[in-house]
Amino acid sequence: MSEKDLDPDLISYFKPQSFEAEKIKILRTSILFPEQGVPPRSILVTSAFPGEGKTFISSNLAISIAQGIEEHVLLMDCDLRRSSVHQRFGFGQVPGLAEYLAKGVPIDSLLLKSPIPKLTILPGGRNVHNPAELLSSRRMANLIDEVSARYPDRYVIIDSPPPLLTAEANAIARKVDGIVVVVKYGQTPRKAVADMMENLGRDKIVGVVLNWVEADSIKYYGYSGNYRYYYGK
């Protein structure tokens, strides 16, 4: 696998000094060094609706954390309805979480080494007819506990389906330490965001990403380039 196989939207890898990557670093810092308490080891990244950029954020956040000196990262694709993390990192259709949950395939045989050092990927796997049941199962809950506890220096980033449209995100949210909410600027209704945060649990929200902000909207920040940036908690 070479760099040409990677999605150019992996800006934390291709453009680590860009405006967008710097905002991802702010999100990373707020997670690794919270003002109070201990850092969350497992982080759910989700959005109210599809197409708001949660996979963009989860993938780049995982890269950014893995670029640290000591941190290792496992990026889990738990959106079994529309899994796409494997494609961003240049992999074709491969077995993954679905095969582990439905068929008991050993988890170690499903993990993929990414081109980014210290970043491992658990892809979503094949489409299944019962994603809600699989992701709400005891086997899934035990997996989150296992991957979070096995390595003390590992962070687990979970790309999750939208909780307002699917039942499984709420089940996963109960097992993680922290949640990052992705909001599409100018499109996601405020009520949808409020309802989502209430359903997931406001006490677990570690950050909010305001995505797809047009350049003209952020000139106040001294930037006039691309269109994604982080607006913190």
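Biologist: Let me start with Asp 77: which strand does Asp 77 lie in?

Modeller: Helices and strands here are DSSP runs numbered from the N terminus (helices are H or I with at least four residues, strands are E with at least two). Asp 77 belongs to strand E2, residues 72-77. Before we go on: this is a predicted model, in which local features need pLDDT of at least 70 and side-chain atom pairs count only at pLDDT 80 or more, while totals for chains, interfaces and linings use all residues. Residues are numbered from 1 along each chain as its sequence is written, and side-chain values use heavy atoms, with hydrogens and water left out.

Biologist: Good. Is Asp 77 buried or exposed?

Modeller: Go by relative accessible area: buried is under 20%, exposed is over 50%, and partly exposed is in between (1.4 Å probe, protein chains only). Asp 77 comes out at 1%, so it counts as buried.

Biologist: And which residues is Asp 77 in contact with, leaving aside its neighbours within four places in sequence?

Modeller: A contact is a pair with heavy atoms within 4.5 Å. For Asp 77 the list is Ser 83, Ser 84, Val 85, Leu 97, Leu 122, Pro 123, Gly 124 and Asp 159.

Biologist: Now pockets. How do I read one?

Modeller: Rolling a probe the size of a water molecule over the atoms shows where empty space is left. On a 1 Å grid over the protein atoms alone, a pocket is an open set of points where a 1.4 Å probe fits, with protein on both sides within 12 Å along at least five of seven lines; lining residues have an atom within 4 Å of a point. Volume is the space filled by probe spheres set on the points, which are joined across faces, edges and corners. The second largest pocket holds about 310 Å³.

Biologist: Which lining residues lie nearest the centre of the second largest pocket?

Modeller: Pro 50, Gly 51, Lys 54, Thr 55 and Arg 82, out of 21 lining residues. Helix H3 (residues 54-66) gives the most to that lining, with three residues.

Biologist: Zooming out, how many helices and strands does the protein have?

Modeller: Nine helices and seven strands. Of the 233 residues, 55% count as buried. Among contacts with a separation of 6 or more, 75% come from residues 24 or more positions apart.

Biologist: What radius of gyration does the protein have?

Modeller: The radius is taken over C-alpha atoms, and the globule rule is 2.2 Å times the number of residues to the power 0.38. A compact globule of 233 residues would be near 17 Å, and the protein has 17 Å, which agrees. The C-alpha trace spans about 50 × 40 × 35 Å along its principal axes.
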